[in-house]
Amino acid sequence: MWRLCIICIVCLLTSGCWNRVELNEIGIISATGVDWKDGKWVLSHQVVIPQTISSQSPSTSTAAPVNVFSTSGDNFRIATKKASQETTRQLYFSHNQIVIIGQEAARRGLEQVFDVYLRNADSRETVTVFLAKGSARRILEQLIPLEKIPGNAIQRMIDFEEKNSSDFRQMTMHNVVQDLLGASQATGIPSLVVGGTNENLDRSEMLSITNTPSKVRLYDLGLIEKDKLVGWVSKEESFGVMWLADHIKRTTVAFSCAGDTERKQSSIRIISAKTKLSPARSGGKWIMRVQVKAEGGLLEYNCGGDLMKPYEVDKVARLIEREIESLLEKGWQAVRKHKADVVGFGSTIHKKYPKAWKEMKGDWPEHFSQMDIEATVRVKINSTGMSGSGFKQVQKKSRS
Amino acid sequence: MNKQNAEAHTPLSPSLQANVQAIRSRFGESSDVVIRVFRSDAAPGRRLAIAYVDGIVDAETINRSVMEPLMSLQLPEYVIEKGARLLEALRGCVVSVGSMRDIHTLDEALQYMADGLCVIMADGSAAALTADVNGGEERSVGIAQTQTVIRGPQYGFVESLRTNISLIRRVIRSSSLHVQIHKVGKQTHTNVAVLYVHGIVDEGILKEVYRRLAAIDIDGILESGYIEEFIQDETFTLFPTLLNTERPDTVAAALLEGRVAIIVDGTPIALMAPTTFFSFFQSPEDFYQRYDIATFIRVIRYVAYVVSMLLPALYIAVTTYHQEMLPTTLLISLAAQREGIPFPGLVEALLMEMTFEVLREAGLRMPRAIGPAISIVGALVLGQSAVQAGIVSAGMVIVVSFTAISNFVMPEFNMAATSRIIRFGFMLMAGMLGFFGIFVSGLFMLIHLASLRSFGVPYMSPLAPGGAAQGLFRDMFIRMPWWAIVMRPLDMKMRNPKRRPNKKKPPAQRHSGKP
């Protein structure tokens, strides 16, 4: 009995602790950038410096909260390996928040990126993927006001964007891979640019003034087909794509008054939206019937008419419906041009007409670009806010 | 030795002188042995003697009930003739003490004297009488110190067995409360009382308790802890298999649940058996408070117990092996705290835990007057300064403190002490193997727990082995309202397993009092 105990204890003591890593031996990476430069992959890492972030240490204001460095190699892991030649700590990827892929790299193909993420346990598929209009490293170097760790900040930015205005959608590595392995083999990834002046916001002192010369901004939606970037669609078009693909959570839609197509003076807060796609064949062509149902309350209304009367409210709803229809059309035209089925039409047809899908899946992008959509939008206005007909109407009334 | 053995059953001599001599010499001429030889009108022509040990008898009672009647009364003629009859007459007509007994050997006489009884001897009689005049200084019944409650009776046991039994008698006023007294200890002859409620207790368990008590062979029993170690089922376990308490109401409750209580003279701590793991999580107050509050507190207690056992181990495992399990911001702030800490997480944790254990023990042992000094040293110097000096991280201080506080939640001190020891095992395993180590050791602990028994009752019952009656769970993790607790909690065959006939709330009249 005692001998057994001693054997157990010795086994534990001699073999234990082999993969122990103390917290002060790891370099926590908050964001990774992938660039393609001179025939090599360039990996940039944004490493968090915990001392400057913690509220305990005194030197919070002056020191930068992160450090960015790059290594290059023929593949990702070789590049990561080289990191040990210039850092003191073991790079720790499990808390990586975002991966930014530079335009060059995205055009070249992302097969290798996906392989690294699917093969390794420490690279998580929950990281959010972005494209960069320029180099990815440039964005990693940028500090972001209000937040300490830029990687986290960008992650929050897209999260907030998706939940509140839905122009873009948060694409995790998992989403991306799922889309690319799905029926349509295409996906859309939002991109980041550094807006404002071209000045680099890479020193903490620059955050000590009330305005920043440049900032990171969400920009166009990059369309990926197979594993390559094939084109960009603008923010407005991206909004339409989100409506088509049923990714609207909450958003605000601006609309113009009846007869006035120039200015969009009013807006509605959409609190729930649902898009239903139903494919149909008409003649030799495929048609996608897009049914959108949305609900919301008026935020701004400057078109006149007595909103105390239900039929007036209905009229407003029609205006909004027309607006959303035009958004859908814009989005549709954009993706159709690039022949990239990022709205999931392919998988809808695949589900409903598997046999037909089998025939055309070989040249689906062609079929896709020849499709048409028939949009029907139903908008329900739940509330007109606390004021009924608007300031102007009341003013008129009070004079008479 | 041989001589002593021969004397073990020495009969009393008919000669008073010889007896007095023998008693004196056997007590080694101790100065507190009082032997008074006198003549009395009660028995003219014959000398009488009373012998007792001063200090453990009540002098008042001796004077009033033994000496006075003996010296003042007169016996009828016919009694005086025969020696044996004299004592009988004294017992029957003269001495006015409740409990009296005939004895025939010297050893009995000595034993009773040592017990605090008074021995009455008469010339020409080879027997003697004992009178129970027990007394002397003792602590009066006061507030229970170790297990305090807000609602419920406040008094606790004292060192006197007699008083302690009376305290329970006052709660269970029934002839079915039986008390059996055993003498244990060759030198101390300590009175050990076994209490049970006849008709509820399982006779098998009762017999087992008697058997185990009878098997104890030791020179002295100074506290119930001696008894506990002799009669517990398993010695090599960290988990206590007997409950102890200094509260009479807790003992009474245990008796009504079909348990056997063992009270040892000279200590306010009573033992209760059989017991299960879950009964250590029940405070007497659980049953006095409203059931919803009691349930809430009981759940907190279970959580706190797990925390006090596992928290440092979890902290070590997460920070050295499984950093990916933490939210990013938490990880970063922990990492910031650990910057510049010279020790690995395990060493840091062991250091702090040991510090705390030392502080705690010091707090118990040192003279009361130094108390505040220790708390200042402990709280300020060790906590704050250690962090500022960069020797331990602030997170670790928080973990260790919360672990320590959680440990104090346990109502039973011995169960709390168990988690203090086991904690170190978990910490070592976590330091070597991470979550895997914690899981494996947790599994071993559970297997061990399931293998334990207390007087034949499975330690983890009613949870394991399965198949226990549903009613037993009504007072385990939660406490149902009293009217719903129909079953007595022990999972064993009891003569009378039900407390109440059925699970029905007594009806309440809504408008009682109104015409």
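This briefing goes through some backbone features of a predicted model. As background, most peptide bonds are trans, and most residues other than glycine have a negative phi.

**Cis peptide bonds**

- In chain B, the bond joining B:Ala273 and B:Pro274 is a cis peptide bond, and its omega is about -10°.
- To find B:Pro274, look in the loop between strand S10 (270–273) and helix H11 (291–320) of chain B.
- Another cis peptide bond runs from B:Ser461 to B:Pro462, this time with omega near 5°.
- B:Pro462 sits in the segment after strand S12 (457–458) of chain B.

**Positive phi in chain A**

- A:Lys339 is not a glycine, yet its phi is positive, near 55°.
- A:Lys339 counts as partly exposed because its relative accessibility is 32%, and partly exposed covers the range between under 20% (buried) and over 50% (exposed).

**Positive phi in chain B**

- B:Phe455 is a residue other than glycine with a positive phi, about 50°.
- Is B:Phe455 buried or exposed? B:Phe455 has a relative accessible area of 5%, so this residue is buried, as the cut-off for that word is under 20%.

Key: Residues are numbered from 1 along each chain as its sequence is written. Chains are lettered from A and ligands numbered from 1 in the order in which they are written. This is a predicted model: local features need pLDDT of at least 70, side-chain atom pairs count only at pLDDT 80 or more; totals for chains, interfaces and linings use all residues. Side-chain values use heavy atoms; hydrogens and water are left out. Helices (H or I, at least four residues) and strands (E, at least two) are DSSP runs, numbered from the N terminus. Buried means under 20% relative accessible area, exposed over 50%, partly exposed in between (1.4 Å probe, protein chains only).
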